[in-house]
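This report describes the fold of one protein, with attention to its helix packing and its charged side-chain pairs. The sequence and the structure are shown first.

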Amino acid sequence: MKAPIVSANLITRDNDKLAEKTGNIYESLVVISRRARQISIKIKEELNSKLAEFASKEDNLEEIFENREQIEISKYYERMPKPSTLATEEFLEDKIMFRHTGIASATPRKEDEK
């Protein structure tokens, strides 16, 4: 994953701005949270694959030592913005596509009235 150009600092968001794309703040938060989960999984897989290169085949604790490259990789991922921040930025910049798969009816059906 390339380095994102998003500030890692917390930013207060305008709820109306978040809600205007879906018409409902809660729907917007669901879209953002699902995208954040996707980003989180992708970052975790990428980090694990990079750290797997340094995995020791030995179970001997005496042979385990600090690897400078491994520490640098870990620090890089720690400094990255959180997945929720990245997802929120993508949502506000219209980089996330979403759709309703099924909308429940608010009016009761005839069978439910009996």
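A salt bridge is taken here as a side-chain nitrogen of Lys or Arg within 4 Å of a carboxyl oxygen of Asp or Glu. Lys 95 and Glu 93 form such a pair, with their closest N and O atoms 3.0 Å apart. The structure is a predicted model.

## Overall architecture

The protein contains four helices and zero strands. Along the sequence, the pattern reads α-α-α-α.

Of the 114 residues in the protein, 18% are buried. Among contacts with a separation of 6 or more, 76% are between residues 24 or more positions apart.

## Packing of H2 with H4

Two packed helices are described by the angle between their axes and the distance between the axes. For H2 and H4 the angle is about 125°, and the axes lie 8 Å apart. H2 is therefore oblique to H4. The crossing of H2 past H4 is right-handed.

On the H2 side, the contact is made by Ser 28, Val 31, Ile 32, Arg 35, Ala 36, Ile 39, Ser 40 and Ile 43. H4 contributes Pro 83, Ser 84, Leu 86, Ala 87, Thr 88, Glu 90 and Phe 91. By class, this contact of H2 with H4 comprises nine nonpolar, four polar and two charged residues.

## Packing of H2 with H3

H2 also meets helix H3 (residues 68-79); their axes come within 10 Å and cross at roughly 170°. H2 and H3 are therefore roughly antiparallel to each other. The contact is made by Ile 43, Glu 46, Leu 47, Lys 50 and Leu 51 of H2, together with Gln 70, Ile 73, Ser 74 and Tyr 77 of H3. Five nonpolar, two polar and two charged residues make up the contact of H2 with H3.

## Burial of helix H4

H4 is mostly covered, with seven of its ten residues buried. The buried residues are Thr 85, Leu 86, Ala 87, Thr 88, Glu 89, Glu 90 and Phe 91. They pack against H1 and H2.

Thr 88 is one of the residues of helix H4. Its relative accessibility is 12%, so Thr 88 counts as buried. Apart from neighbours within four places in sequence, Thr 88 is in contact with Arg 13, Leu 18 and Ile 32.

## Salt bridges

Side chains of opposite charge can pair when their charged atoms come close. A search of the whole structure finds four salt bridges. One of them joins Glu 89 to Arg 13, at 2.7 Å from N to O. This pair links distant parts of the chain: Glu 89 is in helix H4 (residues 83-92) and Arg 13 is in the segment before helix H1 (15-19), 76 residues apart. Glu 89 has a relative accessible area of 18% and is therefore buried, whereas Arg 13, at 26%, counts as partly exposed.

Glu 90 and Arg 35 form another salt bridge, with 2.6 Å between the closest N and O atoms. Glu 90 lies in helix H4 and Arg 35 in helix H2 (residues 25-52), so the pair ties together parts that are 55 residues apart in sequence. At 19% relative accessibility, Glu 90 is classed as buried because the limit for that class is under 20%. Arg 35 has 25% relative accessibility and counts as partly exposed. Both Arg 35 and Glu 90 also belong to the contact between H2 and H4.

In the salt bridge of Lys 95 with Glu 93, Lys 95 is exposed, with a relative accessible area of 56%. Glu 93 is partly exposed, at 42%.

## The residue after H4

Which residue takes a positive phi just after H4? That residue is Asp 94, with a phi of about 55°. Most residues other than glycine have a negative phi. The phi of Asp 94 is a positive value in a residue other than glycine.

Asp 94 is found in the segment after H4. Its relative accessibility is 58%, so Asp 94 counts as exposed.

Definitions and conventions: Residues are numbered from 1 along each chain as its sequence is written. This is a predicted model: local features need pLDDT of at least 70, side-chain atom pairs count only at pLDDT 80 or more; totals for chains, interfaces and linings use all residues. Side-chain values use heavy atoms; hydrogens and water are left out. Helices (H or I, at least four residues) and strands (E, at least two) are DSSP runs, numbered from the N terminus. Buried means under 20% relative accessible area, exposed over 50%, partly exposed in between (1.4 Å probe, protein chains only). Axes are lines fitted to C-alpha atoms, for helices over the stretch in contact, and angles run from 0 to 180 degrees between N-to-C directions. Angles under 35 degrees count as roughly parallel, over 145 as roughly antiparallel, 65 to 115 as roughly perpendicular and the rest as oblique. A crossing is left-handed if the near helix is turned anticlockwise from the far one by less than a right angle, and right-handed if clockwise. Contact means heavy atoms within 4.5 Å. Ala, Val, Leu, Ile, Met, Phe, Trp, Tyr, Cys and Pro count as nonpolar, Asp, Glu, Lys and Arg as charged, and the others, Gly among them, as polar.
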